[in-house]
Amino acid sequence: MRPSDTWDLPTRHLGRRTIVFERLDSTNTYAAARADDPANDGLVVVAREQTAGRGQHGRTWQAPSGSSVLLSALLFPPPALRRPALLTAWAAVAVCDAIDALAGLDARIKWPNDVLVEGRKVCGILIEQRTVSSGQWAVGSGATDVGSLATAHCPLFIVCGIGLNLNQTADQFAVAGLEQAGSLGSLTGSRYSCDQATRLLIQLLDEQYGRLLQRDVRTLESTWKQRLGLLGEPVVAECADGDRHGRLKDVGWDGVQLETSRGLVRLVPEKVRHLRPY
Ligand code: BTN
C-alpha cells in the first residue's frame, strides 16, 4: 500500500503529516500499526475508499468511494488529557463544528460520540487506545468500553477514526439497511468535496486539541454540553451496573448530574455508556 498523496497542512499538532490513500483496508488499522513510534504523534491517515473500515462494537463501516471523510489521527496525549470522556468529546465536537461550517446544519452528539443531524447519524467515531495497565488495544469510544475512570485505564496513545457521510443518497442508505443514517448531501441537496471537508475537519481537530494542550478544557466542555442538548430533560443514563433515571442538571468532566427521586446523583462520565432522552 502506497499513499497517493501527502499533505503538509499548516496545523500545529495534528495533520502536519497527513498521508492520503486512494484505497486502504482501514485508516484506523494503518494508524495503529504506526503507534510504536512516538515520532508519529499527530500523524493523520486519510483514505478515499476503505475496503475493511471498522465501526463500533466490531461492526463494519462501509462508504463508497468519494462519499465521505475517512480519516484517523494518531496521538500521544499528555497525562492530563489521557481521559476517555475528554478525547471522545474532542472528536465529536470538532465534527459538529465542521458540519456547521460546511453545511450550516445544527449537529447534535448522541452520547458518547455519534453525531446526528435531524435525528440521522451522519458520522461515526471509533477511538482505539492502548492503556497503561494492559498494554492491549481497547476498541471503543471512551465510555462504551473503558468502563471506569481508574487511572489504570488511561490511554497512552489513541487512534481516533472518523467517518463523516458527505454525498451518500437516501436510496443508498436504504439499500444498505441504514434507514436512520444520513449524509450532509442527503440533508441539504448539495455535493461536498471530500478533500476540502477532510482538511477542514483536521484543522478543527487541531485547533481544539491545541486548546486542550494549553489546559483549556472548559471551552470544550461548554460546547460539548450544548451539542448534547439534553440539559433540563428527563434522561436515562445507562451504566454497567444499571440504569439511572432523572432530570439532567449538568454535564461536565466532573460528572453527569441527575436530579432523581432520591436526590442529586453524580456519575463519572466514563461510567455512562449511553445517555438518552426518557
Ligand atoms: C461507528 O461505528 O459509529 C464508528 C465508525 C468509525 C468509522 C471510521 S472511518 C475512518 C476510520 N477507519 C476505520 O476503520 N474506522 C474509522
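Ile 99 is in contact (heavy atoms within 4.5 Å) with Gly 104, Leu 105, Ala 107, Val 115, Val 117, Val 122, Leu 164 and Leu 184, leaving aside its neighbours within four places in sequence. This is a predicted model, in which local features need pLDDT of at least 70 and side-chain atom pairs count only at pLDDT 80 or more, while totals for chains, interfaces and linings use all residues. Residues are numbered from 1 along each chain as its sequence is written, and side-chain values use heavy atoms, with hydrogens and water left out.

The largest nonpolar core has 66 residues, and within this core Trp 90, Ile 99 and Ile 162 touch the most other members. A nonpolar core is a set of buried Ala, Val, Leu, Ile, Met, Phe, Trp, Tyr and Cys residues joined through side-chain atoms within 4.5 Å. Buried means under 20% relative accessible area, exposed over 50%, and partly exposed in between, with a 1.4 Å probe and protein chains only. Helix H2 (residues 84-103) supplies the largest share of this core, twelve residues. A second, separate core has 14 residues, among them Leu 24, Ala 47, Phe 76 and Phe 157. Helices (H or I, at least four residues) and strands (E, at least two) are DSSP runs, numbered from the N terminus.

## Leu 164 in strand S9

Leu 164, one of the contacts of Ile 99, is found in strand S9 (residues 155-165). Leu 164 is buried because its relative accessible area is 0%. Not counting residues up to four places away in sequence, Leu 164 touches Ser 67, Ser 68, Val 69, Val 95, Ile 99, Val 122 and Cys 123. Leu 164 and Ala 98 are 66 residues apart in sequence, and their C-alpha atoms are 9.8 Å apart in space.

## Helix H2 against H6

H2 packs with helix H6 (residues 218-228) at an angle of about 65 degrees, and the two axes are 10 Å apart. Axes are lines fitted to C-alpha atoms, for helices over the stretch in contact, and angles run from 0 to 180 degrees between N-to-C directions. H2 and H6 are therefore roughly perpendicular to each other; angles under 35 degrees count as roughly parallel, over 145 as roughly antiparallel, 65 to 115 as roughly perpendicular and the rest as oblique. The crossing of H2 past H6 is left-handed, a term used if the near helix is turned anticlockwise from the far one by less than a right angle, with right-handed used if clockwise.

On the H2 side the contact is made by Leu 86, Ala 89, Trp 90, Val 93, Cys 96, Asp 97 and Asp 100, and on the H6 side by Leu 220, Thr 223, Trp 224 and Arg 227. By class, the contact of H2 with H6 has seven nonpolar, one polar and three charged residues. Here Ala, Val, Leu, Ile, Met, Phe, Trp, Tyr, Cys and Pro count as nonpolar, Asp, Glu, Lys and Arg as charged, and the others, Gly among them, as polar.

The buried residues of H6 are Leu 220, Glu 221, Thr 223, Trp 224, Arg 227 and Leu 228. These buried residues pack against H2, strand S5 (108-110), H5 and strand S11 (242-252). Gly 229 follows H6 and has a positive phi, near 65 degrees.

## Helix H2 against H5

The axes of H2 and helix H5 (residues 194-213) cross at roughly 135 degrees and come within 9 Å. That angle makes H2 oblique to H5. H2 passes H5 in a right-handed crossing. From H2, the contact uses Leu 86, Trp 90, Ala 91, Val 93, Ala 94, Val 95, Asp 97, Ala 98, Ala 101 and Leu 102; from H5, it uses Ala 197, Leu 200, Leu 201, Leu 204, Leu 205, Gln 208, Tyr 209 and Leu 212. The residues of this contact divide into 16 nonpolar, one polar and one charged.

Thr 198 also has its place in H5. Thr 198 counts as buried because its relative accessibility is 2%. Not counting residues up to four places away in sequence, Thr 198 touches Trp 7, Val 46, Val 69 and Leu 71.

## Loop residues

The peptide bond from Trp 111 to Pro 112 is cis, with omega near 0 degrees. Pro 112 is found in the loop between S5 and strand S6 (114-117). His 57 is not a glycine, yet has a positive phi of about 55 degrees; His 57 lies in the loop between strand S3 (44-47) and strand S4 (68-75). Arg 215, also not a glycine, has a positive phi of about 70 degrees. Arg 215 is found in the loop between H5 and H6 and counts as exposed at 69% relative accessibility.

Ser 190 is found in the loop between helix H4 (184-188) and H5. Ser 190 is partly exposed, with a relative accessible area of 38%. Not counting residues up to four places away in sequence, Ser 190 touches Asn 167 and Gly 185.
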